[in-house]
Amino acid sequence: NIMANLKLWDFVKEVKGTGYKWVDLTHELSPETPHWYGFKPLEGKLLFDYREGTPDDMMAPMRCIQYSVASQYGTHVDVPLHFWGDGRDMSKITVKELVYPLVVVDKSKECAENAEFTMTVADLEKWESENGRIPEGAFVAFRSDWHKKSNLDNPDESGNPHYPGWSVDAIKWLVEERNIGAIGHEPADTDPSYVTTREDAYPYPGEQYILETDRIQIEVMRNLDQVPAVGAMIVCAFPKLKDGTGFPARCFAICPED
């Protein structure tokens, strides 16, 4: 039994050693972090500190800061409750839902040529013809290289946003035909900008759909250009927040060395 229990220790030693690389898929969290235009930047208020010059009523042996930040700020998780009133909150997401096999669909070239490129079923089928079937329970990440933009909205001279996204049909295909576990992308929205800027009542159909299937998604990802199309795993860590609809997340990939 002891030897069997040590297998996980050996696994940790293996993946932290040679032959694997660890890729941080998360933007640094700060007032400058890329975020949806409707949110205020992160704010921090010093509560206690140990530095010289600290007011007497705040002097302490430790430094503590109270932060104010929107729930869907920077690299973050969206859980079903975000768009679905009967959906699970963050406290109901199981620990097994924090780890997935990672699939990366690279459409960075297409997005460079068309800022409002939309992922389709045909794109996913083409990816499978080159890389094999998307495994059940996978986290499917849409690589657009949008993390390299200084402004995720990519506005034109009139201030109108232009960014890529998923088609609803592509997400439905992943859910209904491949039974994936989650999706992720680099912009701050699931749907492309020409959809989210519509004036009708449902400008976020892709996001509505994926969350109403009782799955999570990660938005505002980065460094997907450092991850292979197949063979990596992703870890998505975030608080177990009661009634939480989303929160800044720390996500990383463990990949075979090139």
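## A lysine over a tryptophan

The charged end of Lys149 sits over the ring of Trp146, 4.7 Å from the ring centre. Sitting over a ring is meant here as NZ of Lys or CZ of Arg within 6 Å of the ring centre and within 35 degrees of the ring normal.

A quick note on what you're looking at: this is a predicted model, where local features need pLDDT of at least 70, side-chain atom pairs count only at pLDDT 80 or more, and totals for chains, interfaces and linings use all residues. Residues are numbered from 1 along each chain as its sequence is written, and side-chain values use heavy atoms, with hydrogens and water left out.

## Aromatic pairs

Searching the whole structure turns up seven aromatic pairs. Rings of Phe, Tyr and Trp (its six-membered ring) pair if their centres lie within 6.5 Å; planes under 30 degrees apart are stacked, over 60 edge-to-face, and the rest tilted. One of the pairs is Trp22 with Phe252, which is stacked, at 5.5 Å centre to centre and 15° between the planes. Trp22 belongs to strand β1 (residues 20–24) and Phe252 to strand β13 (residues 250–256), so this pair ties together parts that are 230 residues apart in sequence. Strands (E, at least two residues) and helices (H or I, at least four) are DSSP runs numbered from the N terminus. Trp22 is partly exposed at 41% relative accessibility, and Phe252 is partly exposed too, with a relative accessible area of 24%. For the wording: buried is under 20% relative accessible area, exposed is over 50%, and partly exposed is in between (1.4 Å probe, protein chains only).

Phe142 and Trp166 make an edge-to-face pair, 5.6 Å centre to centre with 80° between the planes. Phe142 is in strand β7 (residues 139–143) and Trp166 in strand β8 (residues 165–166), 24 residues apart, so here too the pair links distant parts of the chain. Both Phe142 and Trp166 are buried. Elsewhere, Trp36, Tyr37 and Phe39 form one aromatic cluster.

## Around strand β9

Strand β9 (residues 182–185) has Ala182 and Gly184 pointing one way and Ile183 and His185 the other, and all are buried. β9 pairs with β7 in the parallel sense over four bridges, with Ala141 opposite Gly184. Strands count as paired if DSSP finds at least two bridges between them. β9 also runs parallel to strand β10 (residues 216–219), joined by three bridges. In β10, Gln217 is the bridge partner of Ile183.

## Helix α4 and its cover

Helix α4 (residues 168–178) has these buried residues: Ala170, Ile171, Trp173, Leu174, Val175 and Arg178. Their cover includes β6 (118–119), α3 (121–131), β7, β8, β9 and α6 (205–212). Just after α4, Asn179 takes a positive phi of about 50°.

## The whole protein

Overall there are six helices and 13 strands, and 45% of the 258 residues count as buried. Among contacts (heavy atoms within 4.5 Å) between residues at least 6 apart in sequence, 72% join residues at least 24 apart.

Along the principal axes, the C-alpha atoms fill a box of roughly 65 × 65 × 40 Å. The accessible surface (Shrake-Rupley method, 1.4 Å probe) comes to about 14,000 Å², of which 52% belongs to carbon and sulfur atoms.
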